[in-house]
Amino acid sequence: MASTDIGTIYAGALRNTRALEKQGLEQMERQLSGLERYPDYAAVLRRHVETTKAQIDRLDKALAAVGESSSSLKETVTSVAGSIGAAVHAIAQDETLKNLYAGYAYQYDQVAAYRSLAIIAERAGKTDQVSGFHTAAEEEVKVAEEIAGLIEPVTKTYLDLTLSGAKADS
């Protein structure tokens, strides 16, 4: 087994987290076009798109600081995976609800990634970047809580639209 140093682990964790953020950004941007009947949900996603762009910028700076760049292969693979997931949800009758559930769970995946990244950064001696990763984890928790608060209202709107014969999904 080849030995791995902390710098390699850190650079890999940065690339992985960046790819995760890019996938999430693409999914949110796709979802926004179909949420005209759910303005509160759309508002949360619009705000989080901006937050995610700032997080990607932070990750790009951290990568540059260690002489690395993002992995276009990893981003392509995660983008394809995200597109497949969105396509599967799009053909489902309850696309909006499935995207809501997936988005909620996805936020906690990102929380875990950033919490782990903060520890890896600290161990790698990149203490100047640790607070930014803690901030990102807090931002993800905040949006997860906002999404949690939307589960019932979005479900009610979905049911009202669907049961009245109106279009509930994009």
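I looked up Tyr114 and Phe133 first: both are buried (under 20% relative accessible area; exposed is over 50%, partly exposed in between, with a 1.4 Å probe and protein chains only). The model is predicted, so I kept in mind that local features need pLDDT of at least 70, side-chain atom pairs count only at pLDDT 80 or more, and totals for chains, interfaces and linings use all residues. Residues are numbered from 1 along each chain as its sequence is written, and side-chain values use heavy atoms, with hydrogens and water left out.

Aromatic pairs. I counted two, taking rings of Phe, Tyr and Trp (its six-membered ring) with centres within 6.5 Å; planes under 30 degrees apart are stacked, over 60 edge-to-face, the rest tilted. Tyr104 and Tyr108 are edge-to-face, at 5.6 Å centre to centre and 80° between the planes. These two tyrosines sit four residues apart in helix H4, and are therefore separated by about one helical turn. I noted Tyr104 as partly exposed at 29% and Tyr108 as partly exposed at 36%. Tyr114 and Phe133 are stacked, with 6.5 Å between centres and 25° between planes. That pair links distant parts of the chain, Tyr114 in helix H4 and Phe133 in helix H5, 19 residues apart.

Helices. I took these as DSSP runs (H or I, at least four residues), numbered from the N terminus.

Core. Of its 19 residues, Leu35, Tyr38, Tyr41 and Val154 touch the most other members. H1, H2, H4 and H5 each supply at least two residues of this core.

Methods: A nonpolar core is a set of buried Ala, Val, Leu, Ile, Met, Phe, Trp, Tyr and Cys residues joined through side-chain atoms within 4.5 Å.
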